[in-house]
Amino acid sequence: MKTISGLSNPTVKYLRSLRDKKHRRREGVFLAEGLRLLTDARESGRVPQMLAMAEGRDPHPLLDALIAAVEETGGEVLAMSEAALAKITGKDNPQAVCGVFAEFDTSLDRLDRDAAPIFLAAQALRDPGNLGTMLRTADAVGAGGLVLIDDCADPFSVEAVRASMGAIFTVPLAMARWEEFLPWLRGGSGGQLVAASLRDAVDYRGAPYAAPCFLLVGNESRGLPEEYEMACDLRVTIPMLGRADSLNAAIAGAVLAYEALASLR
């Protein structure tokens, strides 16, 4: 184990730079923090290339297993001060461990349409917290994956990874433009595309869902473009009984996912 001291250390600066999208893309890696999250990664077969931990922290069997996994795969284990970890993660009270992971394949071909009855999809989702929540929802409902369509928030940002609570490692993730996604969906073994919508929509409860069902939500403020909605096989709406005229995009995705899952079982 290598010990790093000082906030100006080149390794600390390198790890801090991974908070910026351009540096992550250039290096092809991303940051994840927290022992629970990194344990989920290890148990799903993903081991960090570099592991940074607070020096002098108490032993823990999960941390021991993580260190062993990193060393077995030729990775680097670093011990550093809490101040250095805070600089890396951008948090005043950082987790005691963080890791650097290689970004993984996000092509549509990575998805297996036979893997589950439902999939989640989001178009132009801009909030990394919403994106992470959708990943977490996909994991909770056993979805076959999450498809990010058009210009969404970066799923490998620290904020999105943190909000996913480890689901970034357990849920197949694909990224595509609409003009790429729709032909892919209509080709091969196909799939039903269901939009959360107000246009000629039916109540989401009891709607005729069919597997594999791709549940599509739109941008937080604008929703889905009309062209996209009209291309869907089914449009469903969630009744609003109070003053609010809509649900948070990630919450709407969760409500639809559980209803569709119950219908398809």
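Modeller: Let's begin with residue classes: Ala, Val, Leu, Ile, Met, Phe, Trp, Tyr, Cys and Pro count as nonpolar, Asp, Glu, Lys and Arg as charged, and the others, Gly among them, as polar. By that rule, the lining of the largest pocket has 11 nonpolar, 7 polar and 5 charged residues. This is a predicted model, where local features need pLDDT of at least 70 and side-chain atom pairs count only at pLDDT 80 or more, while totals for chains, interfaces and linings use all residues. Residues are numbered from 1 along each chain as its sequence is written, and side-chain values use heavy atoms, with hydrogens and water left out.

Colleague: What makes something a pocket or a cavity, and what makes a residue part of its lining?

Modeller: A 1 Å grid is laid over the protein atoms alone; a cavity is a set of points where a 1.4 Å probe fits but cannot get out, a pocket is an open set with protein on both sides within 12 Å along at least five of seven lines, and lining residues have an atom within 4 Å of a point. Volume is the space filled by probe spheres set on the points, which are joined across faces, edges and corners. The largest pocket comes to about 550 Å³. Its lining has 23 residues, and Ala196, Ser197, Leu198, Gly223 and Ser246 are the closest to its centre.

Colleague: Which elements give two or more residues to the lining of the largest pocket?

Modeller: Those are strand E12 (234-237) and helix H11 (249-264). The names come from DSSP runs numbered from the N terminus, helices being H or I with at least four residues and strands being E with at least two. H11 gives the most, with 3 residues.

Colleague: Which residues line the second largest pocket?

Modeller: Arg36, Asp40, Arg136, Asp139, Ser164, Met165, Gly166, Ala167 and Thr170 do. Sorted by class, they are 2 nonpolar, 3 polar and 4 charged. At least two of the lining residues come from each of helix H3 (35-43), helix H6 (128-140) and helix H8 (167-170). This pocket holds about 160 Å³.

Colleague: How many cavities of 30 Å³ or more does the structure hold?

Modeller: It holds 1. The largest cavity has a volume of about 30 Å³, and its lining is Arg19, Leu31, Ala32, Glu33, Ile88, Thr89 and Val158. Strand E2 (29-33) supplies the largest share, 3 residues. The classes here are 4 nonpolar, 1 polar and 2 charged.

Colleague: Why are H6 and H11 called roughly parallel?

Modeller: Their packing angle is about 15°, and their axes are 9 Å apart. Axes are lines fitted to C-alpha atoms, for helices over the stretch in contact, and angles run from 0 to 180 degrees between N-to-C directions. Angles under 35 degrees count as roughly parallel, over 145 as roughly antiparallel, 65 to 115 as roughly perpendicular and the rest as oblique. H6 and H11 are therefore roughly parallel to each other. Where they touch (contact means heavy atoms within 4.5 Å), Asn130, Thr133, Met134, Thr137 and Ala140 of H6 meet Ala250, Ala254 and Tyr258 of H11. That contact has 5 nonpolar, 3 polar and no charged residues.

Colleague: And why are H3 and H4 oblique to each other?

Modeller: H3 and helix H4 (residues 61-72) pack at about 50°, with axes 10 Å apart. That angle falls among the rest, and therefore the pair is oblique. Leu35, Leu38, Thr39 and Arg42 in H3 meet Leu62, Leu63, Ala65, Leu66 and Ala69 in H4. By class, the contact has 7 nonpolar, 1 polar and 1 charged.

Colleague: Which crossing is left-handed and which is right-handed?

Modeller: A crossing is left-handed if the near helix is turned anticlockwise from the far one by less than a right angle, and right-handed if clockwise. H3 passes H4 in a left-handed crossing, whereas H6 passes H11 in a right-handed one.
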